[in-house]
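This report covers a single protein chain and reads its fold from the coordinates. It begins with a pair of packed helices and then moves to the chain as a whole.

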Amino acid sequence: MYPKELYTKRITTLTEEIRQLNKHNRLVVVLELSAIGLAVGCVVAYTVWSNAAALVVAALFIAAYVAIRRRDSRNSRRSDEKESLRSVYQKELNYLDGDFSAFLSGEQYANPRHEFSLDLDIFGPQSLFHRINRTVTTGGSDFLARELAETRVRTIDEIEARREAIRELSEREPLRTAFMAQGRGRQIDTADMAKNRGRQIDTADILEALHAVQQMQMPRLAAHRLTYIVAVGSIIVFYGLLTGAVFGPLSGALPMLWVLLQMLAVYLLFGRTLKRINRSINIILPRLGTYVNMIMQIVTADLKSREGRDIISQLSGDERLRVIDGKSADEKDALKSFRLLKGIINALDQRNEVWVPISNALYLADYFIVRRFLLWQDRYMGHIGEWIAAVSHFDALVSMATFRYNEPAATDAELVDADEVVYEARGLYHPFLGAKAVRNDFTIADRHYYIITGANMAGKSTFLRSVGINYVLASCGMPVFADSLRVSLFSLFSSMRTTDDLAHGISYFNAELLRLQQLIETCRQNRHTLIILDEILKGTNSLDKLNGSRLFLQSVTSLPITGIIATHDLELSKMQEEYPTRFHNYCFEIQLSDEITYTYRLSEGVARNQNATYLLKNILKSALR
């Protein structure tokens with residue numbers, strides 16, 4: 001089933017299920033009110049007629065109310081879960097219709113000095129990241145951004161492992177949707193798009209809060225076995241004294257005195273510590289339940305891919321981990337750890353000025369909270385960073401797999417193990433254009449240069465970005481937009497959107513020179529680099545631009561560089577005459593008649609038709625009429 005059909009069908013089914021649950025919930029409310037009313041009526045009947053049977057019936061109605069209330073809570077949770085799932089499907093349906101507003105665009109990752117991400121529209125509104133991103137945690141978002149902007153040349157084995165994991169998850173639609181549903185209502189509002197964090201689960205906040213607690217000076221004696229024996233003994237003594245005072249000859253002052261001593265000791269030893277812990281860690285309480293659910297989904301997913309199994313191993317512990325660090329599998333169990341932490345924080349959250357003295361009097365509550373936290377910290381704290389990183393990793397994989405599922409027309413690239421630049425594309429097109437894209441064949445040979453000419457809007461820049469962005473997808477293990485793409489692994493560097501920086505006194509031309517300098521320095525550090533340039537030295541006059549462009553290309557031919565260069569300067573194409581074995585001319589030609597026809601077809605040769613004067617004449621004719 002195609003994505004759009006599946007999403008539409010799921011939305012229809014969930015909408016009906018939600019309607020039935022809401023209908024049922026209204027009935028449950030009536031039953032709840034009826035049960036309470038009847039219970040009150042039975043109590044009133046007892047007070048009037050003193051009939052003990054009325055109290056029994058009242059108790060039965062109260063029990064019925066409790067059962068109905070539990071059923072109501074369960075149905076409400078189910079309704080919320082289905083609403084979350086429906087929301088995910090609706091967002092994906094909107095995506096297929098070209099609306100990405102529900103997803104974070106990754107503007108915060110944009111870096112003008114990055115080797116290629118700015119030029120290839122990797123981050124920002126309508127970018128590649130914007131189309132792929134479905135992450136529900138900031139850690140997942142960061143992981144995805146690092147993968148898309150990675151400049152290290154990966155190995156084929158790494159890419160194949162990633163591709164295997166993405167393919168497996170793309171076929172597990174219910175798992176992906178359930179995972180993404182954890183983030184319902186957490187995506188950023190459009191008004192806060194610039195912040196690009198908003199309501200995602202902030203993994204940095206969680207780690208910071210836990211780290212702050214770890215640094216606190218806490219009374220370690222609470223974790224000692226001897227204090228545990230003393231605490232349990234003290235509670236036994238208190239209840240023994242209380243029993244003796246109630247049913248025996250002991251004075252009631254004895255249990256009261258014992259309680260006061262207990263409360264004073266607990267307050268002096270642990271009261272301030274618990275307040276500090278509560279202030280630091282309370283920020284993560286709402287997020288822990290979501291983390292528990294996400295970890296549960298991951299560890300029970302039964303993934304077969306290498307990368308998937310590694311993530312599960314990090315979260316659940318296995319024999320391999322036991323051998324590496326000597327820890328027991330229980331100590332590596334992230335799900336158990338987060339559940340215990342959630343229970344501790346819930347206990348902290350429920351402390352209040354009225355209940356604290358009572359709970360400490362009855363069962364030394366504060367002592368046992370501190371003890372539980374210290375034992376949790378000793379056993380699990382060292383693994384929290386690793387576990388959160390594993391969830392972030394899976395979070396990013398879900399986004400990549402959803403992108404693969406949503407783009408069934410895309411295909412896997414063939415990876416070539418070659419110590420040179422290999423790029424052989426058939427039917428290559430830009431992923432942002434979809435069905436309307438014109439596909440082109442293009443082959444790049446190692447250390448060769450391709451001069452691409454053409455009129456304005458003829459397709460040069462889009463084609464250059466198609467070459468770059470499909471390589472980025474291939475190197476991340478994601479599908480590419482081509483009939484076929486055969487590539488080796490190499491470095492990538494582009495210069496297409498150089499801008500001035502007046503705040504730092506950098507003119508446009510100076511910025512271009514700095515970018516070219518960065519290009520050369522980067523290429524010197526890599527074995528093979530493909531460079532993608534759009535108009536070298538745009539910020540100077542035509543003759544200077546031509547001479548400078550020629551000088552630059554002649555100079556870099558001595559480096560391990562392969563290049564594609566788009567230009568309006570037809571004179572630059574004469575480099576093929578001087579270096580016929582290294583330089584090649586390609587063009588996007590247009591057809592001029594009563595109207596301009598753009599074919600967007602790449603062909604060998606030099607473009608002859610230009611459109612700037614033609615278009616300007618039409619504008620002037622219309623404006624001055």
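Is the crossing of helix 4 and helix 16 left-handed or right-handed? In this predicted model, helix 4 and helix 16 cross in a right-handed sense. Helix 4 covers residues 138-148 and helix 16 covers residues 384-406. On the helix 4 side the contact is made by Gly139, Gly140, Phe143, Leu144 and Glu147. Helix 16 contributes Ser392, His393, Asp395, Ala396, Ser399 and Met400.

A second pair is formed by helix 8, residues 225-247, and helix 15, residues 365-380. The crossing of helix 8 and helix 15 is left-handed. From helix 8, the contact draws on Arg225, Thr227, Tyr228, Ala231, Val232 and Ile235, and from helix 15 on Tyr367, Phe368 and Arg371. The angle between helix 8 and helix 15 is about 155°, and the two helices are therefore roughly antiparallel to each other.

The table sets out the packing of both pairs.

| Helix pair | Angle | Distance between axes |
|---|---|---|
| Helix 4 and helix 16 | about 65° | 7 Å |
| Helix 8 and helix 15 | about 155° | 11 Å |

**The chain as a whole**

The chain has 625 residues, of which 48% are buried. Its secondary structure consists of 21 helices and 10 strands. The accessible surface is about 30,300 Å², and carbon and sulfur atoms account for 56% of that surface. Of the contacts between residues at least 6 apart in sequence, 75% join residues at least 24 apart.

**Confidence**

The average pLDDT of the chain is 86, and 89% of the residues score at least 70. Two stretches have pLDDT under 50: residues 185-198 and residues 319-330. Beyond four places in sequence, the model has 36 contacts for residues 185-198 and 18 contacts for residues 319-330. Where pLDDT is low, the predicted coordinates should not be read in detail.

**Two arginines**

Arginine 113 sits in the loop between helix 2 (52-96) and helix 3 (128-132). With a relative accessible area of 53%, arginine 113 is exposed, because the cut-off for that class is over 50%. Apart from neighbours within four places in sequence, arginine 113 is in contact with Arg515 and Gln518. Its C-alpha is 9.9 Å from that of serine 495, although arginine 113 and serine 495 are 382 residues apart in sequence.

Arginine 465 belongs to helix 17, residues 460-475. Its relative accessibility is 12%, so arginine 465 counts as buried, the limit being under 20%. Leaving out neighbours within four places in sequence, the contacts of arginine 465 are Asp119, Leu120, Asp121, His430, Met496 and Arg497.

Aspartate 302 is not a glycine, yet its phi is positive, at about 55°. Aspartate 302 is placed in the loop between helix 10 (285-299) and helix 11 (306-316).

Methionine 457 also has a positive phi, near 65°, in a residue other than glycine. Methionine 457 is in the loop between strand 4 (449-454) and helix 17. Is methionine 457 buried or exposed? Its relative accessibility is 56%, and methionine 457 therefore counts as exposed.

Note on methods. Residues are numbered from 1 along each chain as its sequence is written. This is a predicted model: local features need pLDDT of at least 70, side-chain atom pairs count only at pLDDT 80 or more; totals for chains, interfaces and linings use all residues. Side-chain values use heavy atoms; hydrogens and water are left out. pLDDT is the predictor's confidence in each residue, from 0 to 100. Contact means heavy atoms within 4.5 Å. Helices (H or I, at least four residues) and strands (E, at least two) are DSSP runs, numbered from the N terminus. Buried means under 20% relative accessible area, exposed over 50%, partly exposed in between (1.4 Å probe, protein chains only). Accessible areas come from the Shrake-Rupley method with a 1.4 Å probe; for residues, only the protein chains shown count as cover. Axes are lines fitted to C-alpha atoms, for helices over the stretch in contact, and angles run from 0 to 180 degrees between N-to-C directions. Angles under 35 degrees count as roughly parallel, over 145 as roughly antiparallel, 65 to 115 as roughly perpendicular and the rest as oblique. A crossing is left-handed if the near helix is turned anticlockwise from the far one by less than a right angle, and right-handed if clockwise.
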